[in-house]
Amino acid sequence: MKKILFVIGSLRTKSFNRQVANVAKEMIGSSAEVQELDYSDLPLLNQDIEQPEPEVVARIRKAIAEADGLWIFTPEYNMSYPGHLKNLLDWMSRPVKFMDYGTPTCINGKRVAISGAGGKAATADCRKKLTELLTFMKAEVLPEQVGIAVPAEAWSTDVLVLTDEQKAELKALADKLIVG
């Protein structure tokens, strides 16, 4: 059974992207094993602490290496991705073997799906920049993406209700990530 690792780009408990991830997890059902990556305790990338490898970095690298694919659900912060998500990706771009830049990283060649829920632009700038970053990191980014413009009422209730069209887009992306 394939393993899909969800990466939520918002640390907020009631985040819209976490809600979208929960819907996606339901859609995947028993088609794949889904786990959510907890990286809330990841320190800022700093070469002074890179070696010996922090336990949290080893745990995250292992989770990514063991996954058949990643699905990133992220908001857009100032026309880009959140800083803590960038920090995670920066750690994952570092060589697994210290200073050995000739070997692949844990994210090299990994299939990655991207979705985002946010303002009127439906995280378009964030998804574009994230695609550029992940491509640079040699991940296999799926060209299909799901952007969701959060309706005005959801901002006051913290409840995101997806349309049938949005659910169909998520289902298609889930199938693409799992089946290939």
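The second largest pocket is lined by Ser10, Arg12, Ser15, Phe16, Asn17, Pro75, Glu76, Tyr77, Ala117, Gly118, Gly119 and Trp155. Two or more of these residues come from each of helix 1 (16-28) and strand 4 (111-118), where helices (H or I, at least four residues) and strands (E, at least two) are DSSP runs numbered from the N terminus. The structure is a predicted model, in which local features need pLDDT of at least 70 and side-chain atom pairs count only at pLDDT 80 or more, while totals for chains, interfaces and linings use all residues. Residues are numbered from 1 along each chain as its sequence is written, and side-chain values use heavy atoms, with hydrogens and water left out.

A pocket is an open set of points on a 1 Å grid over the protein atoms alone where a 1.4 Å probe fits, with protein on both sides within 12 Å along at least five of seven lines; lining residues have an atom within 4 Å of a point. The volume of the second largest pocket is about 160 Å³, and its lining comprises five nonpolar, five polar and two charged residues. The largest pocket has a volume of about 230 Å³. Ser93, Pro95, Asp100, Tyr101, Thr103, Pro104, Thr105, Asn108, Phe136, Met137 and Lys138 form its lining.

The model has zero disulfides, a disulfide being a pair of cysteine sulfur atoms within 2.5 Å. The sulfur of Cys126 lies 20 Å from the closest cysteine sulfur, in Cys106, which is too far for a bond.

Technical notes. Grid points are joined across faces, edges and corners, and a volume is the space filled by probe spheres set on the points. Ala, Val, Leu, Ile, Met, Phe, Trp, Tyr, Cys and Pro count as nonpolar, Asp, Glu, Lys and Arg as charged, and the others, Gly among them, as polar.
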